[in-house]
Amino acid sequence: MEGILDLLGSDLGKKIISGVSGSTGTDQNKTGSVLTMALPVLMKAMERNASTPEGAQGLMGALNNKHDGSILDNLSGLFGGGVDEEVKTDGDKILGHVLGNKRRGVEQVIGQKSGVDASSVGDILKVAAPILMGLLGKQSRQNNVSSQSDLTSLLGGLLGGASQRGPVTKEQTFLEQVLDSDGDGSVIDDVAGMLLGGNKKKSGLGGLLGGLFGK
């Protein structure tokens, strides 16, 4: 299975980055940096949410209905005339549900690292969140996801797809280490600490992040 960062580098991913960039008025390279950092965090947070039966049921319900992947069928229409406010409102709700009270912190951290102000990061994520849910919905259908274990396996596969196929990439190492380095279950705190230099392992993960995002 392809990982989420593999997907961002694909033709579809480039189309998404270009469309999100155009619809938010943000530089394309910076939009790509924001999405490279944000999408794995969102997916890891979803994986945590899906670790409870209630959370898994809620996410599967969304993927089987509204977020079934159909948003991907007409990306040119989605981005062509400016992204519909309904899509942004939906994205806003997804972010609130997935990140909860950590949301503003995530936007600020990613903004500081990517050189994009936090409000613009928020705008990017509002557009990207429904697309990410559509990608998950499409994968869910293709893999016949019907249980909590199926769902967590799908999310884990998308987060770890690259390492299952061959050499570990910089991005994959980043994912494996950054998402929960101290094992306390707090994804956002780990990301915040590392991106802002709070982690003392500078030569390791700190250096890796600097190389990955050019900072």
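Helices (H or I, at least four residues) are DSSP runs, numbered from the N terminus. This is a predicted model, where local features need pLDDT of at least 70, side-chain atom pairs count only at pLDDT 80 or more, and totals for chains, interfaces and linings use all residues. Residues are numbered from 1 along each chain as its sequence is written, and side-chain values use heavy atoms, with hydrogens and water left out.

**Exercise 1.** Find which helix gives the largest share of the lining of the largest pocket.

*Solution.* Start with the pocket: on a 1 Å grid over the protein atoms alone, a pocket is an open set of points where a 1.4 Å probe fits, with protein on both sides within 12 Å along at least five of seven lines, and lining residues have an atom within 4 Å of a point. Next, list the lining: Lys 66, His 67, Asp 68, Gly 69, Ser 70, Ile 71, Asp 84, Glu 86, Val 87, Asp 90 and Pro 130. Helix H6 (residues 85-99) supplies the largest share, three residues.

**Exercise 2.** Sort the lining of the largest pocket by class.

*Solution.* Ala, Val, Leu, Ile, Met, Phe, Trp, Tyr, Cys and Pro count as nonpolar, Asp, Glu, Lys and Arg as charged, and the others, Gly among them, as polar. That gives three nonpolar, three polar and five charged residues.

**Exercise 3.** Check the length of helix H7 (residues 103-114).

*Solution.* The expected span is 1.5 Å times one less than the number of residues. For the twelve residues of H7 this is 16 Å, and the end C-alpha atoms are 16 Å apart, which agrees.

**Exercise 4.** Say which residues lie nearest the centre of the second largest pocket.

*Solution.* Of its 13 lining residues, these are Gly 58, Leu 59, His 97, Val 98 and Met 133. Helix H3 (28-49), helix H4 (53-64) and H6 each supply at least two lining residues.
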